[in-house]
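Thanks for coming. I will go through one structure this morning, element by element, and keep to what can be read off the atoms.

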Amino acid sequence: MQRIILVGKPNCGKSLLFNQLTGLRQKVANFPGVTVELRSGQFGQFEVVDFPGTYSLNTLSRDEEIAVEKINDALAHADTHMLVCVLDATRLERSLVFALQVLSLARKHHKNIMFVLNMADELQRFGHTIDVDKLSQQLGVPVCALSAKTLQGVDAFKNKLLASATEEVEALPEPQVDIDDVVTTSRQLAKEHAPAASIVLKNQNRIDSFLLNNVLGSVAFFVIMFLLFQSIFNWAEPLMDGVEAIIEGLAGAVTSVLPDGIVNDFVSDALFGGVGSFLVFVPQIMVLTFIIGLLEDSGYLARAALICHKPLSYFGLSGRSFIPYLSGHACAIPAIMAARTIESPRKRLITMMTIPLMSCSARLPVYALLIAAFIPADQYWLGVFNMQGLTFFALYMFGIFTALVVSALLNKLSLNHDKTEMPFILELPTYRLPHWKPLMQRVINSGWQFIKRAAPVIFMVSLVLWVLGYFPLDSNLEGSWLGQIGHVIAPVFEPLGLDWRYGVAIMMSFLAREVFVGVLGTLYGIEGADENIAGLADNIAADGLTLGTGIGLLLFYVVALQCVATVATLRAETGNNKLVWSLYIMYGVLAYCLALLAANFI
């Protein structure tokens, strides 16, 4: 199949245009460094490939070097028929620097090329238009103006793209690529066609004067982060109640038509008690994804990275570490991969090693369950802030605090400090309203991916645990196979104030942290406790566990690297088995010590 490759500088709307061409639901966000891998889809008879964004063919970082290598490889391939270079129409000069270099590269490989001026709707908001025909004549290639967000001009672009892709390549001379000449030409073309920078940046600078202020910006940052975690509980609660009611109704309807016996017990205890018990937390994951998506698409994340650079640098990190750190609150796996955008190998490694301390979405079910069990829902601080939400916020902050402390230690212990590291450089995108359709698709996909990833694991774990706990038939739970295993490992967890059931749940949650909830759901169902899934937290509280034990268990899950997928990803990214397993043991020991201190002193 003939191939069309899509290139452009970061944050030019390239990935959103790719979505519009192919109909795929690729992640789109308003900060540099989102696209770290190739994405492909079909457009007509062509395969469209979305390449990582880069500012120049003269690379400054490893991720840009990889992107340029892949672009060169693709252009040298016979199946590549055309190249589409996406430009940010509101920042034409910067975009043209890369575009003119790409033009020379396309001519060198005898490939058709087209330039796309994206964000035409933004230009109209500034009261400006670009003479596309004249710019096309000056550049010597087809140029289209459109808005991938509002779909303005997208249909015309598709028609022109199909027509251009089937044309024969003209034998034109290769342009000069001297970087000084490229910059000069870009500046001249931008001066003629682009709106004045004072007009484009007027609104942005006004907002930045507040959000990037040393004092007010820091206060705004902490307020935004605080409201983020408060909303996870407050906004998700009605949705969680709805999911809970549906699961409870289904459990009652299904078990009522089944005869008493092994099948009924399996459906009630293993299926609804195990798998069903984690589904109520899916709304919280979706709410978290929605809020982070708002911050990404609005352009605030890049500002947050800038605000965080100076304090993060004290811990041996880069301002770019903020983006993987925040992404780690959704899932550590893509966050570890996102650390590829950090230029310094040392800072990249430290960031990857500390990302597992960010409280990912898999911890949400564990946090929510234990907070509901140990923190009363009707308690408020200052009569305004819900204590469950405050505890939730405190757990996330503790994870971040621990990550920074560990980063500082790793930075001090590092012997190969790179004295030639590049200065921190980050482009601040224009403030924009989110594109709601991709955002909602991302939210729905986050919930579905969580279910898709967790449900099979939890089902298998629940099935194994149910079998181990159900047999021998003439025994009680403690006399079952599961009880025997639990009692063998119980001495390890007794100092934490936990019995054998929690030992089994903690041990099994290495497959995935959220399995902890499914295991306890299965265990409590087998024990004959209240089979209402919503009552799992009440059953835990009724066991007489102390507040210190509950806090200790929460701290354990903040720190412990209880995720085999994260361990595997770290191994793949670092290529160092010894390092990764040492990290796993270190975090495990630290988590156990924190839980032990909490259980005995709170």
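**Helix α12 and what follows**

Of the 17 residues of α12, 14 are buried, so this helix is largely enclosed by the rest of the structure. Buried here means under 20% relative accessible area, exposed means over 50%, and partly exposed is in between, with a 1.4 Å probe and protein chains only. Helices (H or I, at least four residues) and strands (E, at least two) are DSSP runs, numbered from the N terminus.

Before going on, the ground rules: this is a predicted model, in which local features need pLDDT of at least 70, side-chain atom pairs count only at pLDDT 80 or more, and totals for chains, interfaces and linings use all residues. Residues are numbered from 1 along each chain as its sequence is written, and side-chain values use heavy atoms, with hydrogens and water left out.

Back to α12, residues 282-298. Its end C-alpha atoms are 24 Å apart, which agrees with the 24 Å that its 17 residues should span at 1.5 Å a residue. The expected span is 1.5 Å times one less than the number of residues. Just after α12, Gly299 takes a positive phi of about 100 degrees.

**The chain as a whole**

The protein chain has 26 helices and eight strands. It runs to 602 residues, 55% of which count as buried. Contact means heavy atoms within 4.5 Å. Among contacts between residues at least 6 apart in sequence, 75% join residues at least 24 apart. The accessible surface comes to about 25,800 Å², and 62% of that belongs to carbon and sulfur atoms. Those areas come from the Shrake-Rupley method with a 1.4 Å probe; for residues, only the protein chains shown count as cover.

**Salt bridges**

How many salt bridges does the structure hold? There are eight, where a salt bridge is a side-chain nitrogen of Lys or Arg within 4 Å of a carboxyl oxygen of Asp or Glu. One of them joins the side chains of Glu47 and Arg3, at 3.5 Å from N to O. Glu47 lies in strand β3 (residues 46-50) and Arg3 in strand β1 (residues 3-8), so the pair ties together parts that are 44 residues apart in sequence. Glu47 is partly exposed at 22% relative accessibility, while Arg3 is buried at 17%.

Lys14 and Asp50 meet through their side chains at 2.7 Å, N to O. This pair links distant parts of the chain, with Lys14 in helix α1 (residues 14-22) and Asp50 in strand β3, 36 residues apart. Both partners, Lys14 and Asp50, are buried.

Then there is Asp88 with Arg432, whose closest N and O atoms are 3.9 Å apart. Asp88 is in strand β4 (residues 80-88) and Arg432 is in the loop between α18 and α19 (436-470), which puts them 344 residues apart. Asp88 is buried at 1% relative accessible area, and Arg432 is buried at 14%.

**Gly8**

Strand β1 also holds Gly8. Is Gly8 buried or exposed? Buried, with a relative accessible area of 1%. Beyond its neighbours within four places in sequence, Gly8 is in contact with Lys14, Pro52, Gly53, Thr54, Val86 and Phe98. Val102, 94 residues from Gly8 in sequence, is 9.1 Å away in space, C-alpha to C-alpha.

His329 sits in the loop between α14 (322-327) and α15 (332-338). It is buried, with a relative accessible area of 4%. Its side chain reaches the backbone oxygen of Tyr325 at 3.1 Å. Not counting residues up to four places away in sequence, His329 touches Leu288, Met358, Ser359, Cys360, Ser361, Tyr396 and Ile400.

Helix α18 covers residues 387-413. Its 27 residues reach 38 Å from first C-alpha to last, close to the 39 Å expected at 1.5 Å a residue. At the N-terminal end, Asn386 caps α18, with a side-chain oxygen 2.8 Å from the backbone nitrogen of Gln388. The polar contacts here are pairs of N or O atoms within 3.5 Å; within protein, one must be able to donate a hydrogen and the other to accept it, and residues adjacent in sequence count only if both atoms are side-chain atoms.
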